[in-house]
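Hi,

Here is the structure I said I would pass on.

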Amino acid sequence: METSLSFRSTTTSPFPTTTTTKTLTLRRPPKTLTIRSAISRAKKEQTIETVKQQLENCHLIAGIRYKGLTVKQLQDLRRSLPDSVKLVVAKNTLVYKAVEGTPWEALKPCMSGMNAWLFVHTEEIPAALNPYRAFQKERKLEDNDFSGAVFEGSFYGPEEFKKLESLPSRAEVYGKVLGALQSPAGAVLGALQAPARDLVLVLNAYVKKLEEEEAAAR
């Protein structure tokens, strides 16, 4: 759309006065361009909100290098994941805006290149990560490795994922705890000196055991 503005100038000289009219044309941006900008902004805000929603009750976030993956491969990957794990494809800048000011901000070191993001909503970390490892091996996607992850406030680089993938399951920890509770004091002390995550499970298991014993005694 164009808007025309007219200006008149008068020239005074020994000769007859002359009046000149000049027209200045201003061009407004096309309406379609404005609509596209609004849609793009709305999509970005929606992506940020989606990421924030996934942060609720989240135990781990992992980045995956997805450059080269087809739409079908991403769809197949989503179908292979358990219900407790969600895959979100989003730009690093938008994810960072969503996690900025939270413990998940520790993801920053892996925010380069093209990332898809796994949001894990379960304490069973190995079971959550294994489906992608199987998918990666089956499709021979060596270049599409994990770019990093944050778990319990700490950042894990690609070379540290074995630690995450070898964490004991809840059942294994419960078994260890229940065995320790029936063993000498030294074994119980060893269980209590376990990492923070295991210690929480230890205490939960002990409380559960006491509740079961109390219920049985009624």
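Helices (H or I, at least four residues) and strands (E, at least two) are DSSP runs, numbered from the N terminus.

Before going on, the ground rules: this is a predicted model, where local features need pLDDT of at least 70 and side-chain atom pairs count only at pLDDT 80 or more, while totals for chains, interfaces and linings use all residues. Residues are numbered from 1 along each chain as its sequence is written, and side-chain values use heavy atoms, with hydrogens and water left out.

Back to α4. The residues buried in it are I125, P126, A128, L129, P131, Y132, F135 and Q136, with buried meaning under 20% relative accessible area, exposed over 50%, and partly exposed in between (1.4 Å probe, protein chains only). The helix length checks out too: 14 residues at 1.5 Å a residue should span 20 Å, and the end C-alpha atoms of α4 are 21 Å apart, which agrees. The expected span is 1.5 Å times one less than the number of residues. Just after α4, K140 has a positive phi of about 55 degrees.

Now the charges. I count a salt bridge when a side-chain nitrogen of Lys or Arg is within 4 Å of a carboxyl oxygen of Asp or Glu, and that rule gives six of them.

An α-helix has 3.6 residues a turn, so residues three or four places apart point the same way. D76 is buried at 13% relative accessible area, whereas K72 is exposed at 55% and R79 is exposed at 61%. K72, D76, R79 and R139 are linked in a network of salt bridges.

What does D145 form a salt bridge with? The partner is R133, with the closest N and O atoms 2.8 Å apart. D145 lies in the loop between α4 (125-138) and β6 (146-151) and R133 in helix α4, so the pair ties together parts that are 12 residues apart in sequence. D145 is partly exposed at 25%, as is R133 at 23%.

Cheers
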